[in-house]
Amino acid sequence: MTWQPELEELRIREEFARRMGGEDKVKRQHDAGRLTVRERVEKLADPGSFHEVGAIAGKASYDAQGRLVELTPSNCVWGRATVDGRRVVLVGDDFTVRGGSADATIREKPLMAERMANEFRMPIIRIIEGSGGGGSVKTIETTGRANLPGGVGGTGLFNYTTLNLSAVPVVGLGLGSVAGLGAARLAASHYSVMTKKSAMFVAGPPVVSRLGAPVTKEELGGWETQCKAGGVDHAVETEEEAFDCARRFLSYMPSSVHDVSPVIPCEDDPERRDEKLMNAVPRDRRRVYQMRPIIESVVDRGSFFEMGKLFGRSLITGLARLDGRAVALMASDPFFYGGSWTSDTCQKAVRFIDLAETFHLPVVYLMDCPGFMVGLEAERSATIRHGVRAMAAMNQATVPWCTIIVRNAFGVAGAAHQPAGRLSLRYAWLSARWGSLPLEGGIEAAYRAEIDAAEDKAAKLAEIEERLNQLRSPFRTAETFWVEEIIDPRATRPLLCDFARMADPLRQPVPSRLQMRP
Amino acid sequence: MAEITVVAELTAAVWKIEAAPGTRVAEGDTLVILESMKMEIPVMAPADGMVLAVLVAEGDQIEEGQAVATLVA
């Protein structure tokens, strides 16, 4: 007598789980150009590494003799796996079962996934499709009561969604229509990716159209809306590309805040000096230039991984490597408002600096900032408050910091380039210029009486400008040690690599006092 | 032959029109120069083609996302 009958029943139940919502629903998923949750897990995890938890949880029906007839699995599939050799938690919504809605979720499943990531210190990748929240309004009938969100003892998932941001790398993948709690779980991540066919919103078109003008799914929550608004970090064509993004992001990260990110062998010469950097910045100060090629030329070849490209675009943010060490890199993009920080830019900086602080990544900032954005729209979006918030994030950060002043550093935002209370490294390029105010407009304000008294006001203005321009050469600033080093731009990579090595003893696997927010 | 609408990626003033309708342009050529924060910011052709229409005038204040020109590529 063995336990063979029970083993057979276990296998039957597991087989039901593998069928997900049934053939028709799986076909519908494929016809819409989307993978099923099990295919997604398989493509994301290293081959054969997925160890599922709770596969056979679901709703079963039995015949009169109490024998199992059918089992509809819960629409949450989760377990642990390795991704590029590193142990992670994978948790995914099964859209083929009740459209991924919480009607068919067993609340404790996604909760345990979050707990495992937290308590066993493993990154978590959330594969999100559907609403996954309080369920559709149908649940009023099935439970016989309305759902007070969170209710009594129902806040566990929200608790871990917050806790994990300060504990382990959290990646959100939006693959399909994502709404409600699903949208919250996607947005509450360190890095989120959606496919261009997907949409994310608080509530979808049926709800929104009831309140006013009808909108399409794409207008409301498509990738252009969400990536420009900063709701989602990145959009890709295919689900496979989304999985690649998740892998790549994790490659720069430690497994948790109790660890530091791995140093990999560097095949690019740390002493490499790129001749092109000598003419990267135009001498004509009104002309802009491309910052991304400068980034590519100073970091380890091919190592720059941009995040949040379409949001707060005057600041480029991403992960990169210097002599094999992962760093958080920020750089201005003069093509957007000359590199001025808008309210969005400031919010982007806060989140990015907090990410660096949380995961002990040294920060490199290639700066060209003529100031905070000015004008009515800038005031209406509280640029200065978001600006000082970004400064506060810099000042509260404890990770090693290095700034290269590529061109402009003006105004209060000009000061926002290094942590205020501790020593960081700073180098100014030959093209660097700074001031409290840009001369243009600033002269009229400061020399009003002198200009008004002149017969030829324009000539007077030009004369004063010429006078001041001679004095504001960065060499005069260096003469008085108001800036510590002016460098040949070609020396940037060797100096940044040296900074990354200098940062080694400062990168400690000790959780930051900072508690990160989404 | 596809018609491409080129949009401004930022709110700015139109400073100079660089390519009149009928001009042949290569990808990356400047169509219009905007001015923002005292900087000249080019709006570039996203592909090789011919300028069909310029939809803004020098001195115009334009919004992010506004169409600046159309090309046939």
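How does the radius of gyration of chain B, with 73 residues, agree with that of a compact globule? Chain B has a radius of gyration of 11 Å, which agrees with the value near 11 Å for a compact globule of 73 residues. The radius of gyration is taken over C-alpha atoms, and the globule rule is 2.2 Å times the number of residues to the power 0.38.

## Basis of the model

This is a predicted model, in which local features need pLDDT of at least 70, side-chain atom pairs count only at pLDDT 80 or more, and totals for chains, interfaces and linings use all residues. Residues are numbered from 1 along each chain as its sequence is written, and chains are lettered from A and ligands numbered from 1 in the order in which they are written.

## Chain B: overall form

The C-alpha atoms of chain B fill a box of roughly 35 × 15 × 15 Å along the principal axes. Buried residues account for 33% of its 73 residues; a residue is buried if 20 or more other C-beta atoms lie within 10 Å of its own, exposed if 12 or fewer, and partly exposed in between, with C-beta atoms placed from the backbone.

Chain B has 0 helices and 8 strands, so that its elements run β-β-β-β-β-β-β-β from the N terminus on. Helices (H or I, at least four residues) and strands (E, at least two) are DSSP runs, numbered from the N terminus. Of the contacts in chain B between residues at least 6 apart in sequence, 56% join residues at least 24 apart. Two residues are in contact if their C-beta atoms, placed from the backbone, lie within 7 Å.

## Chain B: two sheets

One open sheet of 4 strands in chain B has the order E1-E8-E6-E3, with antiparallel pairing. Its edge strands are E1 (3-7) and E3 (24-25), each of which pairs on one side only. Two strands pair if DSSP finds at least two bridges between them. E3(B) is joined to strand E6 (residues 49-54) of chain B by 2 bridges, in the antiparallel sense; Arg24(B) has Met50(B) as its bridge partner in E6(B).

Strand E2 (residues 12-17) of chain B pairs with E7(B) over 2 bridges, in the antiparallel sense, and the bridge partner of Ala12(B) in E7(B) is Ile62(B).

## Chain A: overall form and domains

Chain A comprises 21 helices and 18 strands, and its C-alpha trace spans about 105 × 55 × 40 Å along the principal axes. Buried residues make up 46% of its 518 residues. Among contacts in chain A between residues at least 6 apart in sequence, 72% join residues at least 24 apart.

The domain assignment of chain A gives domain 1 (12-251) and domain 2 (275-432 + 483-506), with bounds from an automatic or database domain assignment. The C-alpha centres of these domains lie 35 Å apart. Their contact takes 12 residues from domain 1 and 13 residues from domain 2 of chain A. On the domain 1 side, helix H10 (223-229) and helix H11 (239-251) of chain A each supply at least two residues, and the largest share, 3 residues, comes from H10(A). By class, that side has 5 nonpolar, 4 polar and 3 charged residues. Here Ala, Val, Leu, Ile, Met, Phe, Trp, Tyr, Cys and Pro count as nonpolar, Asp, Glu, Lys and Arg as charged, and the others, Gly among them, as polar.

## The largest nonpolar core

The largest nonpolar core has 142 residues, and those that touch the most other members include Leu90(A), Ala246(A), Val327(A) and Val363(A). Strand E15 (residues 401-410) of chain A gives the largest share of this core, 7 residues. Both domain 1 (12-251) and domain 2 (275-432 + 483-506) of chain A give residues to this core, so it lies between them. A nonpolar core is a set of buried Ala, Val, Leu, Ile, Met, Phe, Trp, Tyr and Cys residues joined through C-beta atoms within 7 Å.

Not counting residues up to four places away in sequence, Val363(A) touches Val327(A), Ala328(A), Met330(A), Ile353(A), Ala356(A), Ala397(A), Val399(A) and Trp401(A).

Leu506(A) lies in the segment after helix H21 (492-502) of chain A. Leu506(A) is exposed, because 11 other C-beta atoms lie within 10 Å. The C-alpha atoms of Leu506(A) and Thr398(A) are 9.3 Å apart, although 108 residues separate the two along the chain.

The contact between the chains takes 13 residues from chain A and 8 residues from chain B. The chain A side divides into 7 nonpolar, 2 polar and 4 charged residues.
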